[in-house]
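Subject: Handover of a structure

Dear colleague,

Please look through it before you read the notes that come after it.

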Amino acid sequence: MIKPELQKLNQTSGLVYLYILDATNYDAGVFRFTPNVDGNGGNVSFNGVPYIGIPMAVSGWDVASAGSPPKPTVTVANVNKYMLSTIIANKHLIGATFTRICTFAKFLDGGSDEDGSQFLPPSTYVIEQLTSNDDVQITWQLTSIIDRMGMRIPRRQINKDKGFPGVSRNRVR
């Protein structure tokens, strides 16, 4: 249902971007936020999950079939020091997962066609570095999950003589 909506020339419902910062590997929980707010200036809710409206800017999410994977930049306003203590206490959240979900406003909770299953495939990245942190804003550079420094695919090393260690050469028939 979301694909036909994308193909319409006259869309009555705007795109909404929802962001999830999963810092559970630091025991810091999950932060959900969006640059969008509802009609009353309050938080947005999608599929029963609230997303806090925070001023933010994102860039570099373009995906191309050639060249290296994108390295998006995310800048979040440091409103009420929402994440500051978590960032300071947890190594700038490097390695935390950052996910972007895109849907239409009409599919949000309370929308004209409320449906939590209608969204585009999520874009998932990992925080590579904290590039800026001050009283006004926090800026991270993200990287693709497969483009992390020191990461190899496959994660196990393949040896010429041994193949995949732990995998039998005998076939089961």
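Predicted model: local features only at pLDDT ≥ 70, side-chain atom pairs only at ≥ 80, totals over all residues.

Arg100 has Ser123 of strand 8 opposite.

The nonpolar cores

The largest nonpolar core has 22 residues, and the members that touch the most others are Leu21, Phe33 and Trp140. At least two residues of this core come from each of strand 1 (15–22), strand 2 (30–34), strand 6 (73–77), strand 8 and strand 9 (137–144). Another core, of 11 residues, lies apart from the largest one and includes Ile20, Val44, Ile101 and Phe104.

Thr99 is part of strand 7 and counts as buried because its relative accessibility is 14%, the cut-off being under 20%. With neighbours within four places in sequence left aside, Thr99 is in contact with Leu18, Tyr19, Ile20, Pro122, Ser123 and Thr124.

The loop between strand 7 and strand 8 contains Gln118, which counts as buried at 11% relative accessibility. The side chains of Gln118 and Ser117 are joined by a polar contact of 3.5 Å.

Asn47 is located in the loop between strand 3 and strand 4 (49–53). At a relative accessibility of 52%, Asn47 counts as exposed, since that class begins over 50%. Residues up to four places away in sequence not being counted, Asn47 touches Asp109 and Gly116. From Asn47 to Ser117 the separation in sequence is 70 residues, while their C-alpha atoms are 7.5 Å apart in space.

The aromatic pairs

The structure contains seven aromatic pairs. In one of them, the ring centres of Phe46 and Phe119 are 6.2 Å apart and the planes stand at 85°, so this pair is edge-to-face. Because Phe46 belongs to strand 3 and Phe119 to the loop between strand 7 and strand 8, the pair ties together parts that are 73 residues apart in sequence. Phe46 counts as buried, at 5% relative accessibility, whereas Phe119, at 33%, counts as partly exposed.

Trp61 and Tyr125 also form an edge-to-face pair, because their ring centres lie 5.1 Å apart and their planes are at 85°. This pair links distant parts of the chain, with Trp61 in the loop between strand 5 and strand 6 and Tyr125 in strand 8, 64 residues apart. Trp61 counts as buried, with a relative accessibility of 8%, and Tyr125 is buried with a relative accessible area of 7%. Trp61 and Tyr125 belong to a cluster linked by ring pairs, together with Tyr19, Phe33 and Phe98. Of these, Phe33 was named above among the residues that touch the most other members of the largest nonpolar core.

With kind regards

Definitions and conventions
Residues numbered from 1 in each chain as written. Heavy atoms only, no water. Pairing = 2+ DSSP bridges. Helix = DSSP H or I, 4+ residues; strand = E, 2+ residues; numbered from the N terminus. Core = buried A, V, L, I, M, F, W, Y, C linked by side-chain atoms within 4.5 Å. Buried < 20%, exposed > 50% of the residue type's maximum accessible area, 1.4 Å probe, protein only. Contact = heavy atoms within 4.5 Å. Polar contact = N/O pair within 3.5 Å; in protein donor to acceptor, adjacent residues only side chain to side chain. Phe/Tyr/Trp six-rings, centres within 6.5 Å; stacked < 30°, edge-to-face > 60°.
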